[in-house]
Amino acid sequence: MKSFWYILGFVTMVLILINNPKYTSLGGFSSESTGLNFTRSTQKNLQILITINICLFLVWTILYVLSSNMY
């Protein structure tokens, strides 16, 4: 249960970093200087995916706290 919580948190952070509008390239992660060219629909889908991950993370956090208080 805790591992799923960690995975959700990590995936959410990675998606937010990819969607960061200030940085259009992953300069720290690759040697290429080509930017990430997202279309408007791709950005919208990425934002929807981020929102779903954040909601899942919050729900999973509540469930984890409630289950740990029961024992």
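Student: Which residues are buried in α1?

Tutor: In this predicted model, the buried residues of α1 are L8, G9, T12 and L15. To read such a list, consider the geometry of a helix. An α-helix makes a turn every 3.6 residues, so residues three or four places apart point the same way. Here, looking down the axis of α1, the buried residues fall within an arc of 135°, so they line one face of the helix.

Student: Which exposed residues does the face of α1 turned away from its buried side carry?

Tutor: That face carries Y6, I7, F10, M13 and L17, which are exposed.

Student: What covers the buried residues of α1?

Tutor: The cover includes α2. Read from the other helix, the cover of the buried residues of α2 includes α1, residues 2-18.

Student: How many helices and strands does the secondary structure of the chain come to?

Tutor: The chain has two helices and zero strands. For the length of a helix, the general idea is to compare its end-to-end reach with the span expected at 1.5 Å a residue. α1 has 17 residues and reaches 25 Å from its first C-alpha to its last, close to the expected 24 Å. α2 has 31 residues and should span 45 Å; its end C-alpha atoms are 45 Å apart, so the two values agree.

Student: Which residues of α2 are buried?

Tutor: They are L46, I50, N53 and S67.

Student: Why does N53 count as buried?

Tutor: The cut-off for buried is under 20% relative accessible area. N53 counts as buried because its relative accessibility is 9%. N53 sits in α2, which runs over residues 40-70.

Student: With which residues is N53 in contact, leaving aside its neighbours within four places in sequence?

Tutor: With those neighbours left aside, N53 is in contact with L8, V11, T12 and L15. Of these, T12 can be read from its own side. T12 belongs to α1, and it is buried, with a relative accessible area of 9%.

Student: What lies 2.7 Å from a polar atom of the side chain of T12?

Tutor: The backbone oxygen of L8 lies at that distance from the T12 side-chain atom. L8 is itself among the buried residues of α1.

Student: Is L49 buried, partly exposed or exposed?

Tutor: L49 has a relative accessibility of 40%, so it counts as partly exposed. L49 lies in α2. From C-alpha to C-alpha, L49 and L15 are 8.3 Å apart in space, although 34 residues separate them in sequence.

Student: What share of the contacts in the chain with a separation of 6 or more comes from residues 24 or more positions apart?

Tutor: Residues 24 or more positions apart account for 75% of those contacts.

Student: What percentage of the residues of the chain count as buried?

Tutor: Of the 71 residues, 13% count as buried. The accessible surface of the chain is about 5,900 Å², and 68% of this surface belongs to carbon and sulfur atoms.

Student: Where does UniProt place the feature "transmembrane region"?

Tutor: An unreviewed UniProt entry places it at residues 46-66. Such annotations may be inferred rather than shown by experiment. In the model, the span 46-66 is 100% helix and 0% strand, with its end C-alpha atoms 30 Å apart.

How values were computed. Residues are numbered from 1 along each chain as its sequence is written. This is a predicted model: local features need pLDDT of at least 70, side-chain atom pairs count only at pLDDT 80 or more; totals for chains, interfaces and linings use all residues. Side-chain values use heavy atoms; hydrogens and water are left out. Helices (H or I, at least four residues) and strands (E, at least two) are DSSP runs, numbered from the N terminus. Buried means under 20% relative accessible area, exposed over 50%, partly exposed in between (1.4 Å probe, protein chains only). Contact means heavy atoms within 4.5 Å. A polar contact is a pair of N or O atoms within 3.5 Å; within protein, one must be able to donate a hydrogen and the other to accept it, and residues adjacent in sequence count only if both atoms are side-chain atoms. The arc is that of the directions from the helix axis to the C-beta atoms. Accessible areas come from the Shrake-Rupley method with a 1.4 Å probe; for residues, only the protein chains shown count as cover.
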